[in-house]
Amino acid sequence: MTTTTPASKAPTEPPVKRRMPKLSINLRQYGIVAALAVIVILFQILTDGRLLLPGNVNNLIQQNAYVLILAIGMVIVIIAGHIDLSVGSVVAMVGAVAAISMNNWGLPWWGAVLVSLLVGALVGAWQGYWVAFVGIPAFIVTLAGMLIFRGLTLVLLTGGTISGLPAEFTAIGAGWLPSYLGELAGRDVLTLALGILTAVALIVFQLRTRATLARLDLPREPLASMWTKNGIAAIAIVWFAWLLSDYSGTPIILIVLAALILIYNFVLNRTVFGRHVYAMGGNLFAAVMSGVKTKWVNFYIFVNMGVLAGLAGVVSTARAGGAVASAGQNYELDAIAAVFIGGAAVQGGVGTVVGAVVGGLVMGVLNMGLSILSVDAAWQMTIKGLVLLLAVAFDIFNKRRAGGR
């Protein structure tokens with residue numbers, strides 16, 4: 001008779017604790033923010049504290065608004081692997097159309113803004129058609145556009161200037177929000193409140209994003225890094241608002257810029273269109289094989305660039321108080337430089353809206369700091385050229401270093 005013995009229990013192994021997935025720190029983005037901070041501190045010292053006077057901070061925003069607006073559109077163009085050399089001429093032509101529509105056609109200021117955006121969209125559609133559906137490289141199409149729209153500007157203005165624009169229109173580029181909440185110790189309360197609310201909203205948004213990633217068990221930034229980065233950003237925002245509150249309050253164009261940054265950051269990171277733009281810039285053949293309608297994506301990229309160039313034309317004309325034939329000179333170079341300084345890759349596929357804006361601020365701080373120091377214009381151009389070269393060289397160095405691992 002066979003007897004069976006109870007099977008011995010297998011030894012239980014202690015549960016293995018799964019390591020939390022984390023994102024590596026993006027040296028490219030941290031590097032450009034650190035560079036901006038270093039440049040600001042350097043010029044603050046060299047100018048004996050004049051760089052960050054409230055009036056200069058206000059002027060930094062208003063004088064460089066056109067660069068930031070164009071850079072937001074240009075970063076999308078460059079991510080997709082294209083370039084746009086016509087935006088400076090489009091800015092000048094749209095500014096002429098806006099001035100003529102108010103002074104000659106009798107349109108109200110808001111009607112002139114709508115017409116300007118429509119003209120910008122039509123220009124973008126014109127150029128997008130040749131790039132997307134005919135297959136002409138964007139470099140050639142926009143180089144032709146640079147000449148065409150500069151010529152049309154001269155035709156519209158007959159080489160002169162149109163001034164005497166409505167105050168509501170000029171306030172877009174050179175005005176401030178009314179002091180609805182009054183003043184406290186000589187400072188605009190509305191500006192301070194907006195700064196504090198923005199800082200709080202930034203931290204809440206980052207915490208919610210981190211909680212969502214944790215719930216889905218997706219990679220996320222180390223906690224210490226997140227708090228350090230967002231803490232510094234929140235302090236900078238409140239300090240920035242503190243400076244502005246001591247001048248004339250919140251510039252109207254700052255609200256426009258904030259809205260554009262939020263909208264386009266969402267479009268690039270949270271929409272199908274944004275994913276398609278990155279896919280095309282990263283690997284065009286793979287994007288086509290994946291079913292991306294590349295022709296239409298390219299078309300809409302240039303329509304969008306045209307609309308933003310139209311908006312920049314409105315802002316530039318409002319800031320100047322009139323339309324001039326020489327407006328927009330080298331604006332395309334400023335926008336392209338801002339995008340590359342902000343971390344976009346020359347080959348496409350890499351870039352962010354925030355990076356492009358930071359790059360534009362780097363250019364703006366350089367311009368203002370060198371001007372305060374009374375540096376000759378020729379040397380200013382030389383220094384900005386060297387900064388652009390170093391930014392691209394840093395990008396290439398990072399790519400080679402990553403490839404060698």
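**Note on cavity, pocket, helix packing and domains**

1. Helix H12 gives the largest share of the lining of the largest cavity, 4 residues. Helices (H or I, at least four residues) are DSSP runs, numbered from the N terminus. Helix H3 (87-103), H4 and H12 each supply at least two residues of this lining. This is a predicted model, in which local features need pLDDT of at least 70 and side-chain atom pairs count only at pLDDT 80 or more, while totals for chains, interfaces and linings use all residues. Residues are numbered from 1 along each chain as its sequence is written, and side-chain values use heavy atoms, with hydrogens and water left out.

2. The structure holds 1 cavity of 30 Å³ or more, and the volume of the largest cavity is about 40 Å³. On a 1 Å grid over the protein atoms alone, a cavity is a set of points where a 1.4 Å probe fits but cannot get out, and a pocket is an open set with protein on both sides within 12 Å along at least five of seven lines; lining residues have an atom within 4 Å of a point. A volume is the space filled by probe spheres set on the points, which are joined across faces, edges and corners.

3. Among the residues lining the largest cavity are Asp84, Val123, Gln127, Phe302 and Met305. By class, this lining has 6 nonpolar, 4 polar and 1 charged residues. Ala, Val, Leu, Ile, Met, Phe, Trp, Tyr, Cys and Pro count as nonpolar, Asp, Glu, Lys and Arg as charged, and the others, Gly among them, as polar.

4. Of its 26 lining residues, Tyr66, Asp334, Met363, Asn367 and Lys384 are the closest to the centre. The lining divides into 12 nonpolar, 11 polar and 3 charged residues. Helices that each supply at least two of its residues include H2 (54-79), H12 (294-320) and H15 (377-403).

5. Helix H4 (residues 109-134) packs against helix H5 (residues 138-157) at an angle of about 145°, with the axes 9 Å apart. Axes are lines fitted to C-alpha atoms over the stretch in contact, and angles run from 0 to 180 degrees between N-to-C directions. Residues in contact (heavy atoms within 4.5 Å) include Trp126 and Trp130 in H4 and Phe149 in H5. The contact residues divide into 7 nonpolar, 3 polar and no charged.

6. The chain is divided into domain 1 (26-175 + 251-374) and domain 2 (177-249), with bounds from an automatic or database domain assignment. The contact takes 12 residues from domain 1 and 14 residues from domain 2. Their C-alpha centres lie 25 Å apart.
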